[in-house]
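Trainee: Could you take me through the pockets of this model, with a close look at what lines them?

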Amino acid sequence: MDQENEKKVVETKDKEKKEVKEVLLPKPTRKLWQEILLVSSILVLITLIVTSVVAFLPIKKGEEKYLLSFTYSDDRSITFDSRFGTLSLINGFLVSIAYFLSFFFVRPSGIKPTLGEKHKYLIAWIILGVFGYLAYLVIAVFCSGFLSFWASSLIACLLVGIYDYLIYKLYMESRTLSNALFWEFFRFAIVGLVAAVFDLATCSLVQFGAFQGNKEWYVTIIATACGFLVGVVINYLMSTYMVYKNTHSSFSKTAGGMVIFFVLSAIGLLLGIGIQYLLYDFLCLKQGVSFFSYPVDFVIRTLIVMVYNYITRKVFIYR
């Protein structure tokens with residue numbers, strides 16, 4: 001009986017702790033529609049300023065001496081203007097700063113921004129902010145190979161603005177502590193994004209660097225496996241200490257939790273290899289389906305595997 005009473009006391013205390021954590025989360029003082037309106041206004045204003053500057057720059061598209069080429073898939077490459085690349089490098093930095101200052105002083109949700117006790121979220125916020133900055137550069141340059149400089153800047157500004165605001169809320173409004181499904185999945189998606197960047201970089205280096213674009217079937221398997229090994233280590237560390245940091249189970253940090261994590265990840269690897277082989281080696285290389293390319297196939301298989309990873313880890317590890 002005493003043991004049962006002790007268990008009940010512990011469970012009661014745990015429940016109280018959970019409730020306290022929920023209460024401590026800052027609550028918006030503005031309604032959701034007001035927040036969306038303010039954020040949209042900031043996005044539109046900054047996008048108009050940046051795209052207006054780009055539209056009036058004396059850069060003519062197609063001048064050969066400024067063109068650079070980048071191979072991103074089998075027999076496919078993108079040609080972009082080096083001057084626009086340099087401009088995007090500068091714009092990306094200024095846009096990120098402008099968004100942060102706007103969110104910080106306007107406070108769309110009405111919540112006072114904070115980086116936590118002793119600024120413990122500062123490093124994580126800076127790292128993810130750098131990813132947003134690099135995303136602006138990649139999106140703008142990649143789109144410029146198909147669209148005008150103005151349209152490329154517009155797309156990059158809007159997408160990075162949405163990302164920057166979610167990152168702002170994650171760290172400046174303590175949403176890293178929220179167990180709400182949206183914020184948990186968003187943290188998971190961010191971790192997946194970071195791991196995917198390292199995964200894609202490793203895959204590309206092996207596929208198009210080490211094997212110099214060799215079209216043999218086993219090259220895809222080796223490249224995907226190498227990317228997986230790098231990505232899964234990053235994914236584990238960030239999942240445990242960032243995505244599910246507010247979980248009430250420490251199972252993920254035990255030997256059993258690590259083993260299950262890597263087993264589930266290995267199954268995800270096999271799933272990813274199968275998808276990548278089907279889309280790239282079979283449909284793209286052998287059947288000549290023009291829609292598919294290495295980056296497109298990578299995004300599709302990453303999204304499918306990401307959903308699988310989220311569900312299985314939530315069920316079996318981060319309860």
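**The pockets and their linings**

Mentor: H3 is the main contributor to the lining of the second largest pocket, giving six residues, where helices (H or I, at least four residues) and strands (E, at least two) are DSSP runs numbered from the N terminus. This is a predicted model, in which local features need pLDDT of at least 70, side-chain atom pairs count only at pLDDT 80 or more, and totals for chains, interfaces and linings use all residues. Residues are numbered from 1 along each chain as its sequence is written, and side-chain values use heavy atoms, with hydrogens and water left out.

A pocket here is an open set of points on a 1 Å grid over the protein atoms alone, where a 1.4 Å probe fits, with protein on both sides within 12 Å along at least five of seven lines, and its lining residues have an atom within 4 Å of a point. The second largest pocket holds about 320 Å³, a volume being the space filled by probe spheres set on the points, which are joined across faces, edges and corners. By class, eleven are nonpolar (Ala, Val, Leu, Ile, Met, Phe, Trp, Tyr, Cys and Pro), two polar (the others, Gly among them) and one charged (Asp, Glu, Lys and Arg).

The largest pocket has a volume of about 1,800 Å³, and Val-138, Ile-139, Leu-193, Val-197 and Leu-200 are nearest its centre among 41 lining residues. H4 provides the largest share of that lining, ten residues, and the lining comprises 32 nonpolar, nine polar and no charged residues.
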